[in-house]
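Please look over the sequence and the model below.

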Amino acid sequence: MSLDPETFELLKDSVERFVRERLMPAEDTVEEHDAVPDDIVADMKELGLFGLSIPEEYGGIGLSMAQECEVVYLLGHTALAFRSVAGTNIGIGSQGILMDGTAAQKAEYLPRIASGELIVSFALTEPDAGSDAASLKTKGVLEGSDYLLSGSKRYITNAPRAGAFTLMARTDGPGAGGISAFIVPAGLPGLSLGKPDKKMGQRGTKTCDVNLDNVRVPAANLIGGEPGRGFKTAMKVLDRGRLHLSALACGMAYRIIQESVAYAQQRRQFGQRIGDFQLVQAMLADSQAELLAGLSLMRAVARRYDAKAFGVSDPEVSMQASCAKLFTTEMVGRVADRGVQIHGGAGYINEYKVERFYRDVRLLRLYEGTSQIQQLLIGKQLMKA
Ligand code: COS
């Protein structure tokens with residue numbers, strides 16, 4: 001699946017212009033109000049951003065992974081909250097349905113996900129199951145033709161906006177094999193949301209707990225119609241999500257370098273622009289070199305991802321996606337740190353963009369698998385080879 005190159009170039013131009021003319025001027029509003037304005041969300045829907053990765057037959061744009069990464073890279077040039085609004089529809093919320101859902105599930109949910117009418121969240125993490133996702137405790141008990149779901153999900157991105165969740169629950173014994181994935185509509189009796197999480201950064205992104213108390217979900221909502229496949233679905237979704245986040249990390253690194261260069265060009269000390277000092281140039285150079293390395297890695301892995309069969313796991317590609325996430329998210333952390341350093345005291349002041357971005361990018365090394373989980377995945381695969 002991919003969009004023809006000419007149309008894709010037009011799409012990239014529109015997204016680039018949208019980011020520059022519509023999103024970047026709204027960054028301060030998002031920071032101040034901790035919310036993405038509704039009119040901007042409406043424009044994002046209009047542009048098709050919620051359906052980037054959904055095939056055209058379901059009303060989406062049908063980008064390949066490599067193309068999705070290029071668009072996400074552009075979205076990374078502005079406050080990360082904007083990407084987050086559509087991020088779960090593009091990625092972790094929708095892909096389980098697309099990869100492993102039945103024809104009926106795809107037909108019912110994907111068109112509304114693609115249009116943005118339905119926001120869909122990915123609910124894997126729990127209070128006692130973060131990195132150790134296979135130990136999750138949320139229970140799904142079959143009763144007649146329904147499952148009764150009970151448990152608690154934590155830090156669920158877009159939960160306050162979600163109309164549905166792709167949610168992993170234990171329907172059988174311990175371990176990964178006992179986990180099933182469900183499509184859970186948000187309005188069902190027994191489903192409630194916790195209070196919004198107060199986060200270090202990424203103001204405007206919405207996360208909270210999702211609590212389930214005997215939520216009755218039809219067995220028809222079991223993704224793929226077969227129990228016990230949910231962990232693999234989640235892992236495949238995360239492989240893809242990790243690449244998506246790599247593109248985002250590269251996009252934000254680019255922006256931080258732009259901010260840093262602009263500051264170094266106008267700030268004067270000791271009678272000259274600070275950017276004329278070699279020690280400042282060294283910091284800029286390290287960031288630029290690392291960004292190019294990250295971009296090249298992300299692009300190469302995205303191409304490799306597209307070369308395999310869709311929805312089928314390939315351990316080598318999974319390992320490469322982990323490499324991309326590990327390198328690029330650590331890279332943008334270093335770039336953000338240098339960005340603050342180049343700004344000096346101003347870098348510690350909220351009015352300057354780098355102060356926010358420094359906090360925003362910290363999350364990239366945590367969600368969808370910490371850097372340490374990526375290291376373990378890479379190490380494990382190398383030892384198997
Ligand atoms: N694609 C498809 N299947 C996969 C897979 C992948 N990428 N990774 C693992 N699996 C399969 C395995 O093949 C195994 O199947 P079999 O039992 O048939 O052999 C099964 O899933 C269990 O895998 P594994 O034994 O590796 O699971 P572990 O419990 O050891 O742990 C880790 C796996 C730690 C890697 C996993 O829990 C993980 O990724 N944790 C991080 C979770 C995360 O990213 N959380 C963020 C939440 S979203 S913000």
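Helices (H or I, at least four residues) and strands (E, at least two) are DSSP runs, numbered from the N terminus. The model is predicted.

## Two residues with positive phi

Gln-202 sits in the loop that joins β6 (191-193) and β7 (207-218). Its phi is near 50 degrees, a positive value in a residue other than glycine. Gln-202 is also buried, at a relative accessible area of 4%.

Asn-158 lies in the loop between β3 (146-157) and β4 (164-170). Asn-158 is not a glycine, yet it has a positive phi of about 70 degrees. Its relative accessible area is 0%, so it counts as buried.

## Where the ligand lies

Which domains give residues to the shell around the ligand? Domain 2 (120-228) and domain 3 (231-384) both do, so the ligand lies between them.

The ligand is surrounded by 22 residues. The closest are Ser-131, Lys-232, Asp-239, Arg-242 and Gly-369. By class, the shell splits into 10 nonpolar, 6 polar and 6 charged residues.

Two helices, α8 (230-266) and α12 (371-384), each supply at least two residues of this shell. The most come from α8, which gives 7 residues.

## Polar pairs at the ligand

Arg-242 places an N or O atom of its side chain 3.0 Å from an oxygen atom of the ligand. Ser-313 also uses its side chain: a polar atom there lies 3.0 Å from a nitrogen atom of the ligand. At Gly-369 the backbone takes part, with a polar atom 2.9 Å from a ligand oxygen.

How much of the ligand's accessible area does the protein cover? On its own the ligand has 1000 Å² of accessible area, and the protein covers 66% of it.

## Cysteines

How many disulfides are there? A disulfide needs a pair of cysteine sulfur atoms within 2.5 Å. By this rule the count is 0.

Cys-323 is in no disulfide. The nearest cysteine sulfur belongs to Cys-250 and is 14 Å away.

Is Cys-208 buried or exposed? The cut-off for buried is under 20% relative accessible area, and exposed means over 50%. Cys-208 has 1% relative accessibility, so it counts as buried. Cys-323 has a relative accessible area of 24%, so it is partly exposed.

Terms used
Residues numbered from 1 in each chain as written. Predicted model: local features only at pLDDT ≥ 70, side-chain atom pairs only at ≥ 80, totals over all residues. Heavy atoms only, no water. Buried < 20%, exposed > 50% of the residue type's maximum accessible area, 1.4 Å probe, protein only. Near = heavy atom within 4 Å. Polar contact = N/O pair within 3.5 Å; in protein donor to acceptor, adjacent residues only side chain to side chain. Areas by Shrake-Rupley, 256 points an atom, 1.4 Å probe, with all protein chains shown as cover. Nonpolar A, V, L, I, M, F, W, Y, C, P; charged D, E, K, R; others polar. Domains from an automatic or database assignment.
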